[in-house]
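Below is a short note on the ligand site and the pocket around it. Please read the points with the structure open.

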Amino acid sequence: MTAANRIHYKGRRRPTMTITFYYAPQSSAGRIRISLAELGVPHEAVRVDLRAGDQRKPEFLALNPNGQVPTLVIDGTPMFESVAIQIALGERYGVQKGLWPAPGSPEQLMALTWLVWGQVNVTSALYRYMKNTSEWFPKEQQDAKQAEAALNEVRGLLRILDSRLDGRPYVTGERCTLADLDLASVLGWGLSMTKIDTSDLKNLKGWLGRVMERPAVKAAMVDD
Ligand SMILES: N[C@@H](CCC(=O)N[C@@H](CS)C(=O)NCC(=O)O)C(=O)O
């Protein structure tokens, strides 16, 4: 795009974006569904039937070559990877709604840190644990040693999160941000599925309750 045909919105309202959200119930798309609900972002939701293989159809692969949900199309531009989507939503809608810290603030650096930390570490360790223990995955591919290693990893990460929440209601401080919503949506679901014991962690339960009890979060958790 050249400077001549770039549209400048200085002093004018930005036009409304057209957003299409591709999701599946009980999937990683849940975290984006929660953010869209909390931010009150108008969008069209399209259910992808993963069992029927809709995610492998050419028209879906053209949007997300990984064949996965969540996928978000913003004004014709497809986005995938939930952490990238969270950041885009935070920047565009979150600052105004108080759910994403202002650009350049120390809180934003913290929100980015804990959001990515959750995705890179917690989500992958939890997934590895489930893969080696849950009935959703083939029994013959499960390995008790790998399950134990993943469980130790999850426990270590939960201890880090628990100490972060010592004296702080939310990971960046006083305000709930998309980083809390993202982490809590993964842990709320993952801990209830795996029944990992967290009774020794004194801050985790209160924080999880505070985030999951938010009306928009509760509404978004209802699957259709
Ligand atoms: N790293 C991706 C992971 C997305 C992902 O794993 N999606 C799963 C559902 S939880 C999926 O769409 N799987 C499609 C399939 O199983 O074919 C993200 O965070 O967005």
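**Notes on the ligand site**

1. A polar side-chain atom of Ser82 is 2.6 Å from an oxygen atom of the ligand; a polar contact here is a pair of N or O atoms within 3.5 Å. Taken alone, the ligand exposes 510 Å², and the protein buries 67% of that (Shrake-Rupley areas, 1.4 Å probe).

2. The model is predicted: local features need pLDDT of at least 70, side-chain atom pairs count only at pLDDT 80 or more, and totals for chains, interfaces and linings use all residues. Residues are numbered from 1 along each chain as its sequence is written, and side-chain values use heavy atoms, with hydrogens and water left out.

3. Glu81 places a polar side-chain atom 2.7 Å from a nitrogen atom of the ligand.

4. The residues surrounding the ligand (a heavy atom within 4 Å) include Ser27, Ser28, Gln55, Arg56 and Gln119. By class, this shell has two nonpolar, seven polar and two charged residues, with Gly counted as polar.

5. The ligand takes up the space of the largest pocket (more than half of its atoms within 2 Å of the grid points). A pocket is an open set of points on a 1 Å grid over the protein atoms alone, where a 1.4 Å probe fits, with protein on both sides within 12 Å along at least five of seven lines; lining residues have an atom within 4 Å of a point.

6. The lining of the largest pocket has 40 residues, and α4 gives the largest share, six residues.

Conventions: A polar contact is a pair of N or O atoms within 3.5 Å; within protein, one must be able to donate a hydrogen and the other to accept it, and residues adjacent in sequence count only if both atoms are side-chain atoms. Helices (H or I, at least four residues) and strands (E, at least two) are DSSP runs, numbered from the N terminus.
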